[in-house]
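My notes follow in the order I took them.

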Amino acid sequence: MRTSMKILPAMVGALWAHQSYAEDAAWPYPDDIPKVENVSVGLAGEKPADISRFLLAQGASNGELNADGSLLAYRSRVTGVRQVWVKPSEGGAARQLTFGKGVTFFRWHPDGKHILYGSDNDGDEREAYYLISADGMTERKVLASSHAFRRFSEFTDGGKGILFASTERNGLDFDVYHTDLASGETKMLLEGSFGYFPAAKQPGGDFLLITDVRGEDGHDVYMLNTATGDLKPLFKPEISAEYSSFVWAPDGKSFYYLSNDDRAYLAVMHYDLASATSKMIAAGDYDFEDLEMSGDGNYLSYSSNEGGYSKIHVLDRSSLKPIDQPTLPHGMYRTEWANEGASLAIDYMAPSTPGDIYAWAPGGDTKKVVAANLAGLNPADMIAPEPITFEARDGLTVHGLLYMPQGVEKPAIVVDVHGGPTSQARPTWQPLTQYLIGKGIAVLDINVRGSTGYGKEYARLDNKEKRLDSVRDLADAVAWMRADGRVDADRAAVMGGSYGGYAVNAVMGSYPEAFAAGASFVGVSDWVRALQDASPALKASDREEYGDIREKKWQDFYAVNSPINNAHKIKAPMFFEHGKNDPRDPVTETDRIVKAIRDNGYAVEYLRFPDEGHSVSKMPNRITMFRRLARFLETHLGE
């Protein structure tokens, strides 16, 4: 998955060769290496507020309670780099637990007294694992960083070991490993091909669920007997389907999961080992997500994605009847139960907040444990979006979220394209969007075909030969805006990151008259090279999404239908950003299209960060990037 700038899960990246160009060859344009700008935040209450205030507004994410629910751990970038913080769940001061280059993920140890976390090197996604005590006084390295990509799964045997996937064996394929935390002994449990990942270990038993990546939105599922090494297929549908969020019942005789096999939307399912049968627990005309079970096994929870907003559902597991739900404001949620008992941590995000964390237990009140700091911004000034739809030229209904500035007649507009492509623009905190609205510029957060949240069929309408149909949706959005009349379609820009960056590169060359300016971040310009050099995990999903690049058919298709071939048609102002350490889309993807446009005689603004990867994570770099980007958009969308 080539993810967006907004939501960046811990995904693996490309082969080591991706970095060779950046490390071994000097980029001939030294002015593209950004110089960090001094922060000038302006005065609190000033309107419009400076872009830095929106970036300095800090929330919390990945909230997780320890075993007894007494401590809440979470990630925050308040120091400028994502670190783990801990605070008492009943109230009290927060304390920074980790230091250094930043944390990519963390998990509470089952003992409730330690935290395992990952950290990479300036965005290269090659993580080392560390175990630190909850008081921060003792820490040790569990696994050193290497050339390998890793993906953590879970603790085993009450915290004695950990399960994870890694490319350590050959740098190509993800195998399944177990590490004993006491001895440090690491053992391969399963030699994989492409992307095999441990999903959930049977409590008190030998069975381990394994997912095999089959497309951006599909998996096959296997059952591994860790005692014998026997691997049996469990779910392997003829038409690829999603299987995810596996949760074992405490007795190990059954498990719950999410799937859209034989249906449009993800449903909550239950599988019984003895009968080898599945039954549906909950389904609707929307995706369910975030399936979890309480530590005591008494409650099952999940969220429904209704128009991008979340609704939490909690069931009594014995009766499967709903109980009283936590009381929360309208927005997006992520949940995590404590390892013991029935305490739930809830991440909350909305257009008006970069992230609060609540705690709740069945029968109790919902308590805000961590509140975001909006850096002097008034949450009442933040604008919530209006869901919109329009008809593309082939008759398909395309979706989006429209943010309109107040009191501005026919404003300029920025069309924001998410990454993935199997992802979804949702009503969440977006610093640049809220800043632009304050400057009188509208934003359309678009869900072109290929987006999730609108059913399995919609998510696959951009696969393979249909790739360019999703690019055409962007041009059709401009036609809709012109007919709708609320914005000035002649002053429209398009921007996006990762896959969204590809979409910008593509539409600016394929439909050069559609947009007045374009901004592309960490995007693909040459699909032949990108698909050939992709990591095995990406290749496994790419075969369904893009076609198998080993076949001449797809080599020929992308040789013609890659943005680099239309770079000579791009004449509108362009802004590019890419991190030198990006392991998913190599920096050479942007280097090449920037050079092509410049060779054609047109100016390009390019930020080539030497200490970032697939996202801009360090606060000084973020302020530098978004200040330059805001200046670019305001300049080229002016009257």
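**Entry 1: Ser 153.** I started with burial. Ser 153 counts as buried because its relative accessibility is 17%; buried means under 20% relative accessible area, exposed over 50%, partly exposed in between, with a 1.4 Å probe and protein chains only.

Before going on, I noted the basis: this is a predicted model, where local features need pLDDT of at least 70, side-chain atom pairs count only at pLDDT 80 or more, and totals for chains, interfaces and linings use all residues. Residues are numbered from 1 along each chain as its sequence is written, and side-chain values use heavy atoms, with hydrogens and water left out.

I placed Ser 153 in strand 9, residues 150-156. Helices (H or I, at least four residues) and strands (E, at least two) are DSSP runs, numbered from the N terminus. A polar atom of the Ser 153 side chain sits 3.1 Å from the backbone oxygen of Pro 198. I then listed contacts, meaning heavy atoms within 4.5 Å. Beyond four places in sequence, Ser 153 contacts Leu 163, Phe 164, Pro 198 and Ala 199.

**Entry 2: Ser 133.** I found Ser 133 in strand 7, residues 128-133. Ser 133 is buried, at 7% relative accessible area. Its side chain makes a polar contact with the side chain of Asp 135, at 2.5 Å. A polar contact is a pair of N or O atoms within 3.5 Å; within protein, one must be able to donate a hydrogen and the other to accept it, and residues adjacent in sequence count only if both atoms are side-chain atoms. The Ser 133 side chain also reaches the backbone nitrogen of Met 137, at 3.2 Å. Leaving out residues up to four places away in sequence, Ser 133 touches Leu 97, Lys 113, His 114 and Thr 138.

**Entry 3: Ser 525.** Is Ser 525 buried or exposed? Ser 525 is buried, with a relative accessible area of 0%. I located Ser 525 in the loop between strand 34 (517-521) and helix 7 (527-533). The backbone oxygen of Glu 589 is 2.6 Å from a polar atom of the Ser 525 side chain. Not counting residues up to four places away in sequence, Ser 525 touches residues including Asn 505, Ser 562, Arg 592 and Ile 593.

**Entry 4: the cores.** I looked up the nonpolar cores, which are sets of buried Ala, Val, Leu, Ile, Met, Phe, Trp, Tyr and Cys residues joined through side-chain atoms within 4.5 Å. The largest has 56 residues, and Ile 446, Leu 474 and Phe 515 have the most contacts inside it. Helix 6 (residues 499-510) gives the most to this core, seven residues. Another core, of 40 residues, lies apart from it and has Ala 49, Val 443, Ala 519 and Leu 637 among its members.

**Entry 5: helix 3.** How many of the eight residues of helix 3 are buried? Seven are, so helix 3 (residues 431-438) is largely enclosed by the rest of the structure. The buried residues are Pro 431, Leu 432, Thr 433, Gln 434, Tyr 435, Leu 436 and Ile 437. Their cover includes helix 2 (51-56), strand 32 (442-447) and helix 11 (619-636). Just after helix 3, I noted that Gly 440 takes a positive phi of about 85°.
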